[in-house]
Amino acid sequence: MNRKPTFSTLVVWFYATLNLLPMLWMFMSSLKTNAEIAKSPLGLPTTFDFSVFAEAWEMGGLGTYAINSAIVTFTATTITLTVSSMAGFALSKLNFRGRGVVMGIFTLGLLLPIQAYFIAQNELFELVYLKDTRWALIVPYTAMGIPLAVWLLKSYIDSLPKEIFESARVDGASDLAVYRLLMVPIIRPALVTVGIFSVLSSWNEFLLALLYVQDDALKTIPTGLLAFSSKYVTDYQMLFAALSMVTLPMIVLYVVFNRQIVTGLTQGSVKG
Amino acid sequence: MKPTSKFGVLILVAPAVFIYAFAVLLPFVGTIALSFARWNGFGTPEFAGFDNYIRAFHDTVFVSSFGHMLFYIATTLVVEVAMGLLLAGVISSGRFMGYPRVALFIPVMLPMVVIAVLWGAVFNPDFGAMNAFLSAIGREDWRQVWLGNPATALPAISLVSGWIFAGFYMAIFNAAFARLPQDVIESARLDGANERTLFWRIKVPMIRQVSSVAMLLCITGGIQGFDLFYVMTNGGPYNSTEVPTTYMVKAVFRDMEIGFGSSLSVILTIVGLVIAIFFRKWRSTRQEDVEY
């Protein structure tokens, strides 16, 4: 094996650093006044005044957007994991009529992009008065996450020996009891992977959030930030502060949980 | 196993099926139905036969939006997938790679809208980092209104996409390289193969299946790409970055042409499904020559 850093190692280090520059620039600019930004866009900040962050959070409404994102993401992910693990368990270990059909419609769901159904979904949500409520996002985020979650959890449960379940059955447990007492603790690692994918997709989703929620008090971070950027279109410092406040906590979380997040995102996207 | 009771199965399966059927399957069928209708969102939809489809194929903006999509896909195959493969090659065989591995993946997890707004600022003609950098190195003449110029807007967006996803494909390829049997690689090394030969002659051919999955992901991702386009240019200037998704959203939500928009949606879905099925076939016919 190589013991010394090679030339290509240095190139990759340089490239990685180059990639971080836009984010560094963003953070730097959030500490500069608008006059400084306009005069020398690449200059270093001279003062460290963090009050603009508080202003963006309160007056700019970032706090509200963050809370909305948290509510929508948490609810959608919890429902997705619950119903998908139940269905994944039944599809993996129980023989019932209609199982093939259920598998078939979920497989179709793995292939359908959001563009295939959002137009009629919009009309449907209008019809049942879901639009401009938090459920307008929770329901589709859950529904879109289900096929993948079922598929990943089912393959995980497939790999577990069926003797575990049969012995519980001999002890007289019903299917629901087996699911609740035995299944949920065993599949925890898979739930974490699927959960990370679900959290990040809900947190970052834009198209449906843009179309279904116009009420500023209910907007999530992606659409909220867009509203923010048109409201403060000439206040560059505020814009950079808002961008920094959205990205920095995510970067910290990512550095701490980087292995789980990389696994969650790559497995979730590749889906076999 | 045989279920203990039918009711138990129903409780386990019904919630997932119901939510999914309500919010995805039903709207999917509904969109297909609407694509044969003339409807502005109010009143009763009229049956329009294939009119919407005929109109779509004669719509020059829609047809050219496929050209932009193809350009975007072709570019991202290079700046995302090929770049990711090269990065993974270096990262998997060298030491001191923790930093680039972690750093390059950061943009993948951030909201695309945030990235789009950030890069909109980077490309800003007045205070953007790009033009400031060009001035700093004495190339005033290269300064551009990057996103306002039809010649540079689409390449700029594709570049941002590469900035986001090169790290994603790097992670996928890196995981694939890590699964390769070590004995093959060690024996190639003993036979005197250097890292470069090892990469091109042994590692890359052995992960061909992963590469085809990555290409498919990049292509389907390109067909569905929306966020960057909407936020950075919204199809402009002069429709030079119009892709099918942005045009579809305009048709439905700006022009209230719901039937027409639905036909665009169906066309785009069919294109995506055909490519996915084609790739799966292609992969399975080549399966026998790839062994792990």
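I'll start with one contact inside chain A. Val52(A), Phe53(A), Glu55(A), Ala56(A) and Trp57(A), in helix α3(A), meet Gln237(A), Met238(A), Ala241(A), Ala242(A) and Met245(A), in helix α13(A). Sorted by class, the residues of this contact are eight nonpolar, one polar and one charged. Please keep in mind that this is a predicted model.

How do these two helices lie relative to each other? Helix α3(A) covers residues 51–58 and helix α13(A) covers residues 236–256; the axes are 9 Å apart, and the packing angle is about 80 degrees. Angles of 65 to 115 degrees count as roughly perpendicular, and α3(A) and α13(A) are therefore roughly perpendicular to each other.

Next, helix α7(A), residues 135–158. From its first C-alpha to its last, this helix of 24 residues reaches 33 Å, close to the 34 Å expected at 1.5 Å a residue. Where does α7(A) bend? The bend is at Ile146(A), by about 40 degrees, and Pro147(A), a proline, follows within four residues. Is α7(A) largely enclosed or largely open? Of its 24 residues, 20 are buried, so α7(A) is largely enclosed by the rest of the structure.

Last, the two chains. How many residues are in contact between chain B and chain A? On the chain B side there are 81, and on the chain A side 85. Helix α1 of chain B, residues 6–34, supplies the largest share of the chain B side, with 20 residues. By class, that side of chain B has 62 nonpolar residues, 15 polar and four charged.

That's what I have for today.

Methods. Residues numbered from 1 in each chain as written. Chains lettered and ligands numbered in written order. Predicted model: local features only at pLDDT ≥ 70, side-chain atom pairs only at ≥ 80, totals over all residues. Axes fitted to C-alpha atoms, helices over the stretch in contact; angles between N-to-C directions. Parallel < 35°, antiparallel > 145°, perpendicular 65-115°, else oblique. Contact = placed C-beta atoms within 7 Å. Nonpolar A, V, L, I, M, F, W, Y, C, P; charged D, E, K, R; others polar. Expected span 1.5 Å × (residues − 1). Bend = angle between axes of the 7 residues up to and from the residue. Buried ≥ 20, exposed ≤ 12 C-beta atoms within 10 Å, placed from the backbone.
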